[in-house]
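Hi there,

Here is the structure I promised to pass on to you. Have a look at it first, and then read on for what turned up in it.

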Amino acid sequence: MLRTPVCGVLGIDVPIVQGPLGGPWRQSMELAAAVSDAGALGSVPTTLRTPAQVREDVARLRDLTDRPFAVNMTRRPFDPEIFDAVIALAPRVFSFALGEPGDLVARVHDAGAVFLQQVTTVEQALRAAEAGVDVISAQGTESGGFSGQVSTMALVPQVVDAVRPLPVLASGGVADGRGLAAALALGAQGVNIGTRFLASAECAIPDEWKADIVSAASQDAVKVQFVEHVLPGPTEGGYETVPRSLRTRFVEEWNSRPEAAAASAEALRNQMMTAMRDGTAYELIPLTGQTAGLIHDVAPAADLVHRLVAEAETALRDLAGLVRTTE
Ligand SMILES: Cc1cc2nc3c(=O)[nH]c(=O)nc-3n(C[C@H](O)[C@H](O)[C@H](O)COP(=O)(O)O)c2cc1C
């Protein structure tokens, strides 16, 4: 069994975190439950949820599994009422992204939870370590959802060096066991994975989106540069990030005409709001990472966890065989 010290910190058997997949699409707790039951860490997103929905989601997840899980928040935007609700629920892990952790760390620790902070630069990692977080997820630009400009391959070893001895997870660009083995070689103690779990049986996003992921190439997952004209920006302390999405007609049309997007900001916002209400926002901006090119099936989440571990073990054994002692 592949195990690293961060497994003890997060209360899991294998060093894999399923990143939260929040947004205006159906959320079900089956994905997080399946991941946690398989020995990895499932996540509950709170994006666009009310405090009552967050309480219901966590109660449902606790009905489905006794294993640890993370509840996630971000600074796009940050909602203090949701934070109070999450603290009262005392999850094993609180994960935070898209902004400075600041004084949230003390309240999370007082609630007995582990603070898992996602960063996109070395400077953010240093500030998060200074603020007292327990685990850092270094997220590269390959990732689905919001990310910075630096690639996972370049970011992870720098963050590992900068925050040692804090455990680091590699996030962005990992969808199979070779990626997990590579993350360990970079000095990370595990991985945080989003896009691969979108194309899982339990994920509640529409089947068309899953099929598009399976048929997409990596270059079909592009940065949505005009997002500032469509979605609300980060609240105070937010990181500068830009989302990555599969190409759609909407993404192509406005990415190629940034000035027209700025001039049409209100119309674009209205179009997005209507789509969010209709449940069709994924047709405009289906947040997805570059690992779409590595994904060839929709599989049960537990199978994905088992595959990741088995493939990583094989890759690590094969790599060890490359080293010969000189005689
Ligand atoms: C559809 C989608 C929704 C996401 N929602 C959130 C979220 O609500 N909170 C968050 O911290 N990260 C969110 N992320 C980021 C993922 O949790 C994860 O960090 C990222 O997808 C990892 O990169 P990968 O896609 O290359 O695996 C989202 C990603 C996707 C693809």
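Here is a question to start with: which residues point one way from S6, and which the other way? Please keep in mind as you look that this is a predicted model.

Val 135, Ser 137 and Gln 139 point one way from S6, while Ile 136 and Ala 138 point the other way. All of them are buried, so strand S6, residues 135-139, is mostly covered, with five of its five residues buried.

**The sheet**

S6 belongs to an open sheet of eight strands, and their order is S1-S9-S8-S6-S5-S4-S3-S2. The pairing in this sheet is parallel. S1 and S2 are the edge strands, each pairing on one side only. From one strand to the next, the twist averages 25°. As background, strands of a sheet pair through backbone hydrogen bonds, and the pairing can be parallel or antiparallel.

You can follow the pairing strand by strand:

- Strand S5 (residues 114-119) pairs with S6 in the parallel sense over four bridges. The bridge partner of Val 119 in S6 is Ala 138. Between these two strands the chain passes through helix H6 (residues 122-131), and this β-α-β crossover is right-handed.
- S6 is joined to S8 by four bridges, and the two run parallel. Here Ala 138 stands opposite Ala 170 in S8.
- S8 and S9 pair in the parallel sense over three bridges. Leu 169 stands opposite Gly 190 in S9. Together with helix H8 (residues 177-185), S8 and S9 make a right-handed β-α-β unit.
- S1 and S9 run parallel and are joined by three bridges. Ile 16 stands opposite Val 191 in S9, and the bridge partner of Gln 18 in S9 is Ile 193.

S9 is covered on both faces. Gly 190 and Asn 192 lie on one side, Val 191 and Ile 193 lie on the other, and all four are buried.

**Around the ligand**

How many residues surround the ligand? There are 30, and the closest are Gly 19, Gly 22, Gly 144, Gly 145 and Gly 194. Strand S3 (69-74), strand S9 (190-193) and helix H9 (195-198) each supply at least two residues of this shell. H9 gives the most, with three residues. Sorted by class, the shell has eight nonpolar, 20 polar and two charged residues.

**A covered helix**

Now find helix H2, residues 30-37, which is mostly covered, with six of its eight residues buried. The buried ones are Leu 31, Ala 32, Ala 33, Ala 34, Val 35 and Ser 36. What do they pack against? Their partners are strand S1 (16-18), strand S2 (42-44), helix H3 (51-64), S3, H9 and helix H15 (301-320). After H2 comes Gly 39, whose phi is positive, near 100°.

**Backbone details to look up**

Most residues other than glycine have a negative phi, and most peptide bonds are trans.

One joins Arg 76 and Pro 77, with omega about -10°. Pro 77 lies in the loop between S3 and helix H4 (80-89). Another cis peptide bond joins Arg 164 and Pro 165, with omega about 10°. You will find Pro 165 in the loop between helix H7 (152-163) and strand S8 (168-171).

The other two are residues other than glycine with a positive phi. Leu 48, in the loop between S2 and H3, has a phi near 65°. Ala 90 lies in the loop between H4 and strand S4 (93-97), and its phi is near 45°.

Enjoy exploring it!

Best wishes

Notes: Residues are numbered from 1 along each chain as its sequence is written. This is a predicted model: local features need pLDDT of at least 70, side-chain atom pairs count only at pLDDT 80 or more; totals for chains, interfaces and linings use all residues. A residue is near a molecule or strand if its C-beta atom, placed from the backbone, lies within 6 Å of it. Ala, Val, Leu, Ile, Met, Phe, Trp, Tyr, Cys and Pro count as nonpolar, Asp, Glu, Lys and Arg as charged, and the others, Gly among them, as polar. A residue is buried if 20 or more other C-beta atoms lie within 10 Å of its own, exposed if 12 or fewer, and partly exposed in between; C-beta atoms are placed from the backbone. Two residues are in contact if their C-beta atoms, placed from the backbone, lie within 7 Å. Two strands pair if DSSP finds at least two bridges between them. Axes are lines fitted to C-alpha atoms, for helices over the stretch in contact, and angles run from 0 to 180 degrees between N-to-C directions. A crossover is right-handed if, with the strands pointing away from the viewer, the path from the first strand over the helix to the second runs clockwise.
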